[in-house]
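Please keep the sequence and the structure at hand while reading.

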Amino acid sequence: MKSLEELKALRDKMAANMGIREDDSDNIRIVVGMATCGIAAGARPVLHALTEEVAKRGLKNVTVAQTGCIGICQYEPVVEVFCPGKEKITYVKMTPEKAVRIVNDHIVNGNPVNEYTIGSTVK
Amino acid sequence: MREISLNILDIAQNSISAQASLIQITIEEDTALQRLTVSIEDNGCGMSEEKVKSVTNPFYTTRTTRKVGLGIPFFKMAAEMTGGSFDIASSEGVGTRLSAVFCTGHIDCMPLGDVNSTVCTLIQCNPSIDFVYTYWCDGCAFTADTRRFKEILNGVPIETAEVMAFVRSFLEENTASVRQDALQKSKSPHNQ
């Protein structure tokens, strides 16, 4: 059983590794739409897959966050990627599998996954 | 919505918009009575009496992108179609409390779903808000309180992956153990 004692040990371990924080100016933001429309369409597992993959790869300059209704409910779950100095990329009809690929191809390697973007879905 | 836990995630967003600093989510399962009670309470800005009356109307919303607001109507409908009930009370400057009772034996009752995932998502995405999650099953219970977690963390951010992995397994293991305790209790001859 997990106890709060374990949390204390974890804190001590983490406090030792803190302090080296990367510059915020190169921070990449991944935002998931989490209003009624997004949640009903499956945003929660998408958000979970994104955070898991970011954690697994130990990406320090990436923040995964949530937002409300973006206004394109028919394309939910929607994920937006904000890279500093670049145009926002909007991914639509997301799944946990697509989320993993976006972290790998777009976030890590810098190649947006064109086939999942709103531009290639809406004709 | 396919799970009650997704409704909870959705309803909690209202508390976040209401600038709550503390959100309390309580789930009570009663397997003998086949009842599931969900309550969500916040200390946000609250609503006027008039507004409370209108929030269950799907054609009322505060957002500007659409003319419909389905969060609370969905939650209410999900409870009422099982023969259960829904209640909302709010007071301006004090907060809002919602509760819904589901009759779990009813064919239209959605599964509770992955509440732990809902709680983790809320904690991770809103590190500045405190959450108290209590899970009851047939008289046995556990509570996860982020105020207690943050006190122990002493400045280490709760939303970091390692801490969230702890929170997730804390929730999962305690839920399993509460269910186990409840089962043991129901089997015990002294109980009958």
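Helices, meaning DSSP runs of H or I with at least four residues, and strands, meaning runs of E with at least two, are numbered from the N terminus. The model is predicted, and the values below are computed from it.

**Helix pair in chain B**
- Helix α4 (residues 115-125) of chain B and helix α6 (residues 161-187) of chain B have axes that come within 10 Å and cross at roughly 150°.
- Because angles over 145 degrees count as roughly antiparallel, α4(B) is roughly antiparallel to α6(B), and the crossing is right-handed.
- On the α4(B) side the contact is made by B:Asn116, B:Val119, B:Cys120, B:Ile123 and B:Gln124, which meet B:Met164, B:Val167, B:Arg168, B:Leu171, B:Glu172 and B:Thr175 in α6(B).
- Of the residues in this contact of α4(B) with α6(B), six are nonpolar, three are polar and two are charged.

**Backbone features in loops**
- Most residues other than glycine have a negative phi, and most peptide bonds are trans.
- B:Gln19, in the loop between α1 (4-17) and β1 (22-30) of chain B, has a positive phi near 60°, and this residue is exposed because 11 other C-beta atoms lie within 10 Å.
- B:Gln34, in the loop between β1 and β2 (35-42) of chain B, likewise has a positive phi, of about 55°, and with 14 C-beta neighbours inside 10 Å B:Gln34 counts as partly exposed.
- In chain A, the peptide bond that joins A:Glu76 and A:Pro77 is cis, with omega about -10°, and A:Pro77 is found in the loop between β2 (62-67) and β3 (79-82).

Key:
Residues numbered from 1 in each chain as written. Chains lettered and ligands numbered in written order. Predicted model: local features only at pLDDT ≥ 70, side-chain atom pairs only at ≥ 80, totals over all residues. Axes fitted to C-alpha atoms, helices over the stretch in contact; angles between N-to-C directions. Parallel < 35°, antiparallel > 145°, perpendicular 65-115°, else oblique. Left-handed = near helix turned anticlockwise from the far one by under 90°. Contact = placed C-beta atoms within 7 Å. Nonpolar A, V, L, I, M, F, W, Y, C, P; charged D, E, K, R; others polar. Buried ≥ 20, exposed ≤ 12 C-beta atoms within 10 Å, placed from the backbone.
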